[in-house]
Amino acid sequence: MKTAIRYYSKFGHTTKMANIVGELTNTRPELATVRLEEPVDTLYLGSGVFLGKVDNSIVELINTLTPDMVKRVVCFGSSAIIKSPVPQMREMLQARGITVSEQEFTCRGSMGPIHIGHPNKQDLDDFRQFILMTL
């Protein structure tokens, strides 16, 4: 099974999560600015939320994807204010005809004094278990 990991991380939270995916899938995480060069069975796509939106690099990446390139996307991320970045990613992916896993993961991310220390060890342990369930 061919796997890819793409993400955007402003404060380092999603980088931590992408690295966990990389460890568990033996796949190198890449920033969202790195386009897919070959078809994959599963794309793990992660982002935070900034000013209520996922970063434009995530939007631009999604706009390059086709169902022929990606069989399934598993979305993950963190957020300090809104509930999750996943609905935004899911909507854009599905509009392109791409299958998005029902399994998704979001944890708190810290932003200034809001949710200081998140994602914490428990968040990352929960994320690790989530990824194992998606394999």
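1. Threonine 134 sits in helix 4 (residues 121–134). Helices (H or I, at least four residues) and strands (E, at least two) are DSSP runs, numbered from the N terminus. This is a predicted model: local features need pLDDT of at least 70, side-chain atom pairs count only at pLDDT 80 or more, and totals for chains, interfaces and linings use all residues. Residues are numbered from 1 along each chain as its sequence is written, and side-chain values use heavy atoms, leaving out hydrogens and water.

2. Is threonine 134 buried or exposed? Threonine 134 is buried, at a relative accessible area of 4%. Buried means under 20% relative accessible area, exposed over 50%, partly exposed in between (1.4 Å probe, protein chains only).

3. Threonine 134 touches Tyr44, Arg72, Val74 and Gln103, leaving aside residues up to four places away in sequence. Contact means heavy atoms within 4.5 Å. Tyrosine 44 is 90 residues from threonine 134 along the chain, yet their C-alpha atoms are separated by 9.9 Å.

4. Now the cores. The largest nonpolar core has 19 residues. A nonpolar core is a set of buried Ala, Val, Leu, Ile, Met, Phe, Trp, Tyr and Cys residues joined through side-chain atoms within 4.5 Å. Among those with the most contacts inside the largest core are Leu43, Val70 and Met89. Strand 3 (40–47), helix 2 (56–62), strand 4 (70–79) and helix 3 (86–95) each supply at least two residues of this core. A second, separate core of 15 residues includes Tyr7, Cys107, Leu124 and Phe130.

5. Valine 70 deserves a look. Its contacts are Leu36, Val40, Leu43, Leu65 and Ile98, not counting residues up to four places away in sequence.

6. Phenylalanine 11 lies in the loop between strand 1 (3–7) and helix 1 (13–25).
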